[in-house]
Amino acid sequence: LVTMGPPLASPGTTSVVRIEPSVVLTMCDSYVRRGEGVSRVIGAALGTRSADGARCDIKSAYAIPCHERDGEMFVDIEFHRTMLGLHARVNESERVVGWFSCGTLEPAARALAHEFFAKESAGGAPVHVMLDTEFTSARAGDLLRAEVGETVLAVTDRESGESQSAGVRFCEASCEVDLTSATKIGIEALTQTASVKGDDDVDGLRATIGKLAGLLAQAQEYVDAVASGASRGDAAVGRALSSALSSVPELTKAQFDKVFGDSIEDVQMVQYLTNLTKMQLTLAEKLHTTSLLV
C-alpha cells in the first residue's frame with residue numbers, strides 16, 4: 001500500500017474538521033504515556049458529521065495499543081471494540097469518524113491504518129488528524145493538521161475474493177479547534193503557574209490553604225471598611241458574602257477532624273484503585289491480545 005500526494009479537497013468530501021480541546025489533550029496525554037520504545041501512537045476519533053458531509057466534529061478520542069513487526073502493523077482490536085462499546089453507552093450519537101496519530105508514520109503504515117479505520121468509519125471517508133510531536137512545522141498552526149483519505153484503487157484477491165486497497169489519496173482539510181468561552185477560561189487556568197500542583201501533596205495543600213487565607217483576609221478588609229464607613233458598600237457583594245457564609249457548615253473541631261479523616265481515606269482508596277487499574281492495563285499490554293490490522 002502506498003499513499004499519494006494530497007490534492008485539493010473535491011466537492012462532497014469533508015472540508016472542515018472541528019476538534020474539541022479535550023481531544024487534543026487526549027492525543028498529547030496518550031503520546032506522553034506511550035510505552036517504552038514506542039515512537040508513535042494511533043487512536044480512534046469519534047464525533048458527528050453534517051448532513052452534507054462537508055463538516056466533521058470530533059468530540060472524543062481514545063488511543064489504541066499497537067505495534068509493528070516485520071513490516072506489518074498490529075492493533076488490539078478487542079480493546080478498540082470494548083472502548084467503542086463503552087462510548088456508545090454514554091454518547092449514542094457519536095460514531096467513529098476517523099483516527100489520529102502522534103509521531104511520524106511511514107506511508108505504508110499510514111495507508112494500512114487508514115484502511116482499517118475506513119471499515120470502522122460511518123457516514124463518509126475517515127478523517128486523519130495528525131499531531132506534530134517533534135515540532136518540525138515552521139508555523140504553530142501546522143502542529144495539528146487534518147486530512148481526509150479516500151481509496152483511489154481497489155483490487156480483488158483471486159484466492160480469497162476480497163477487495164483490497166492498492167492506494168489511498170489524502171486531501172487536506174481545514175482544521176479548527178473549537179474553543180468556547182468556558183473552555184478558554186479553563187485553559188488559561190491550566191496554564192497559570194499558580195494552578196500548577198507541586199510534586200508533594202502536602203506542599204500543594206499548604207499552597208491552597210494559604211491562597212484561601214489570603215482571600216478570607218481580603219473579604220474581611222472589605223467588610224471592615226464598609227462597616228467603618230471608609231468605603232461604600234455594594235449590595236451584590238454583600239449578598240454574595242452572606243450566601244457564602246451561610247453555606248459553610250457549623251462543625252466542631254471533633255466533627256471537622258472526622259470529616260477530614262474520612263476524606264483522606266476516600267482519596268487513598270481512589271489512589272489504590274487507580275494503581276490497580278494501571279497494573280491491570282500493563283498486564284493486558286504484556287499479554288498477546290493484539291490482532292492483525294488488515
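**Exercise 1. A buried pair**

Task: In this predicted model, are Arg110 and Glu147 buried or exposed, and what joins their side chains?

Solution. 
- Step 1: burial. Arg110 and Glu147 are both buried. The cut-off for that word is under 20% relative accessible area. Glu147 has 5% relative accessibility, so it counts as buried.
- Step 2: contact. The two side chains meet in a salt bridge, with an N to O distance of 2.6 Å.
- Step 3: position in the chain. Arg110 belongs to helix α3, and Glu147 to strand β9 (residues 144-156). The two residues are 37 residues apart, and their pair links distant parts of the chain.

**Exercise 2. Across the chain**

Task: Which parts of the chain does the salt bridge between Asp178 and Arg18 tie together?

Solution. 
- Step 1: geometry. In the Asp178 and Arg18 salt bridge, the closest N and O atoms are 3.1 Å apart.
- Step 2: location. Asp178 sits in the loop between β10 (163-177) and α4 (181-191), while Arg18 sits in strand β2 (residues 16-19), so the pair ties together parts 160 residues apart in sequence.
- Step 3: accessibility. Asp178 has 23% relative accessibility and therefore counts as partly exposed. Arg18 has 26%, so it counts as partly exposed too.
- Step 4: context. The structure holds eight salt bridges.

**Exercise 3. Within one helix**

Task: How many residues apart are Asp262 and Lys258 in helix α7, and about how many helical turns separate them?

Solution. 
- Step 1: count. Asp262 and Lys258 are four residues apart in helix α7 (residues 253-286), which means about one helical turn separates them.
- Step 2: An α-helix has 3.6 residues a turn, so residues three or four places apart point the same way.
- Step 3: contact. Asp262 and Lys258 form a salt bridge, their closest N and O atoms lying 3.2 Å apart.
- Step 4: accessibility. Asp262 is partly exposed, with a relative accessible area of 33%. Lys258 counts as exposed, at 56% relative accessibility.

**Exercise 4. The neighbours of β7**

Task: Which strands do bridges join to β7, and do they run parallel or antiparallel to it?

Solution. 
- Step 1: burial. Strand β7 spans residues 95-102, and seven of its eight residues are buried, so the rest of the structure largely encloses it.
- Step 2: one neighbour. Seven bridges join β7 to strand β3 (residues 41-49), and this pairing is antiparallel. Gly43 stands opposite Phe100 of β7.
- Step 3: another neighbour. Five bridges join β7 to strand β8 (residues 127-131), and this pairing is parallel. Here Phe100 stands opposite Val129 in β8.
- Step 4: From β7 the chain crosses through helix α3 (residues 107-120) to β8, in a right-handed β-α-β crossover.

**Exercise 5. Helix α6**

Task: What span does helix α6 reach, and which residue caps its N-terminal end?

Solution. 
- Step 1: span. Helix α6 (residues 235-247) has 13 residues and reaches 18 Å from its first C-alpha to its last. That is close to the 18 Å expected at 1.5 Å a residue.
- Step 2: cap. Asp234 caps the N-terminal end of α6. One of its side-chain oxygens lies 3.1 Å from the backbone nitrogen of Ala236.

Methods. Residues are numbered from 1 along each chain as its sequence is written. This is a predicted model: local features need pLDDT of at least 70, side-chain atom pairs count only at pLDDT 80 or more; totals for chains, interfaces and linings use all residues. Side-chain values use heavy atoms; hydrogens and water are left out. The expected span of a helix is 1.5 Å times one less than its number of residues. A polar contact is a pair of N or O atoms within 3.5 Å; within protein, one must be able to donate a hydrogen and the other to accept it, and residues adjacent in sequence count only if both atoms are side-chain atoms. Buried means under 20% relative accessible area, exposed over 50%, partly exposed in between (1.4 Å probe, protein chains only). Two strands pair if DSSP finds at least two bridges between them. A crossover is right-handed if, with the strands pointing away from the viewer, the path from the first strand over the helix to the second runs clockwise. A salt bridge is a side-chain nitrogen of Lys or Arg within 4 Å of a carboxyl oxygen of Asp or Glu.
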